[in-house]
Amino acid sequence: MKVSFLGAGAIGAMFGALLRESRSDLQVRLVVRGVFGDELMRNQCVEIVGPWGQKKVSMGCSSNCNDIAGSDFVFVTVKSQDTQSMLEDAASYLGNATVISIQNGINDTAYADFVPHDRLVMGMTSTNMAVTKPGQVSMQLNGVTMFGGPNGNQANQASRRVATLFQGIRVPGLHFALHENILGIRYNKLAINALGYASCLSNSNFINEAIGAKHWRRDIGLPIVRECRSVLKQASIQIERIPGRSDLSRLEKLMHLMEIPLLGQIIRMAIHSRFERNPIVFSLLQDLRRGKKTEVDSINGQFVKLAKRIGCEAPINDTIVSLTHELEGKPNPKFIAHEEIIRRLHRETTP
Ligand SMILES: NC(=O)c1ccc[n+]([C@@H]2O[C@H](COP(=O)([O-])OP(=O)(O)OC[C@H]3O[C@@H](n4cnc5c(N)ncnc54)[C@H](OP(=O)(O)O)[C@@H]3O)[C@@H](O)[C@H]2O)c1
């Protein structure tokens, strides 16, 4: 059986290596690029770091999409903004493969010209993987990865095949499952990311310096959550809880509890020690620090697009998108103070 990954960075290289390790009969191919990819191509292996320690896993790594020809499964693990061009490059080699997106963003329609509906699977991973140096990826956080049908449909046969493929991976804390409402799961993750991405504009530690800061919580955090919820409600999208993870409702509840005088202080002290040492670092912040383009159009921007489609507006998320565009692609981005973000939100959202 042959499994390929298009655009193998943190997620693709880690899942590719874990699958390769799980079954001796599996041929795994990674399509890569850049400094990270050059190292993989030179050594034809990925170094993975996790609870198992450090391990080198051999597999085919190349920059040519024609290497995926004959695959049974093709995973797409590029950032959302690269989906269209990646699929265009790979289109002639997809054959009859089942194609699986493991990405943030609701990009199902981008796949429509390239993959028939019954061979398309949408995934969501709550894990956190990071490229730690060229050729090496590290599992920062374990968790569940879920699969289901595209366009809000229930799990299809193809998603069942994908969930089965992962059953051989035996790493404590890593789980793979089907979900009948994968769209609701993906939107829950997207709303959390929309909230987290707003904290990246100030180079803030998401929990301590954003959610833990009264003004950020009241004037940025809670308004974003309310706007995401309102758009989802008007679009009749039912969000689902991600097993084992804090979801939108819990984060919202946490923000409300932090408003209660004594209790709020206790919560702040409890989270401070935990997240000071192990901050949650969103990929948007990593991309901003590296002067790269970000995925914001597919995260906060997705709520803006969804709102437009159903005839309403998402001005708070729209402002977060604009502010992110002002920072991205610059070698030394000038991060924006909380007060300035609040001022801009006020200006853009007050009639
Ligand atoms: N990392 C996580 O923990 C995590 C968790 C949940 C969800 N996700 C989502 O999963 C997706 C993948 O994230 P990631 O962190 O794995 O991203 P990543 O590390 O940036 O990996 C994507 C890789 O694809 C490469 N690429 C882009 N276009 C290509 C092309 N045409 N040909 C060959 N390679 C190409 C990129 O190269 P360049 O760097 O040169 O662009 C990069 O090496 C994103 O949607 C992300 O939001 C990630």
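Trainee: Which residues line the largest cavity?

Mentor: Q103, N104, G105, M124, R186, K189 and L190 do. A cavity here is a set of points on a 1 Å grid over the protein atoms alone where a 1.4 Å probe fits but cannot get out, and lining residues have an atom within 4 Å of a point. Keep in mind this is a predicted model: local features need pLDDT of at least 70, side-chain atom pairs count only at pLDDT 80 or more, and totals for chains, interfaces and linings use all residues. Residues are numbered from 1 along each chain as its sequence is written, and side-chain values use heavy atoms, with hydrogens and water left out.

Trainee: What's its volume, and how many cavities of 30 Å³ or more are there?

Mentor: The largest cavity comes to about 40 Å³, and the structure has 1 cavity of 30 Å³ or more. Volume is the space filled by probe spheres set on grid points joined across faces, edges and corners.

Trainee: Which helix gives the most to that lining?

Mentor: α6, with 3 residues. Helices are DSSP runs of H or I, at least four residues, numbered from the N terminus.

Trainee: And which domains does the lining draw on?

Mentor: Domain 1 (2-180) and domain 2 (184-349) each give at least three residues to the largest cavity's lining. Those bounds come from an automatic or database assignment.

Trainee: OK, on to packing. Which residues touch the most others in the largest nonpolar core?

Mentor: Y187, L195, I211 and I224, out of 54 residues. Such a core joins buried (under 20% relative accessible area, 1.4 Å probe, protein chains only) Ala, Val, Leu, Ile, Met, Phe, Trp, Tyr and Cys through side-chain atoms within 4.5 Å. Helix α6 (residues 182-200) provides the largest share of this core, 10 residues. Another core, of 39 residues, lies apart from it and includes V3, A13, L165 and F166.

Trainee: What does I211 touch?

Mentor: Leaving out residues up to four places away in sequence, I211 touches L195, F206, W216, R217, L251, L254, M255 and M258, with contact meaning heavy atoms within 4.5 Å.

Note on methods: Buried < 20%, exposed > 50% of the residue type's maximum accessible area, 1.4 Å probe, protein only. Helix = DSSP H or I, 4+ residues; strand = E, 2+ residues; numbered from the N terminus. 1 Å grid on protein atoms, 1.4 Å probe; cavity = no way out; pocket = protein on both sides within 12 Å on 5 of 7 lines; lining within 4 Å.
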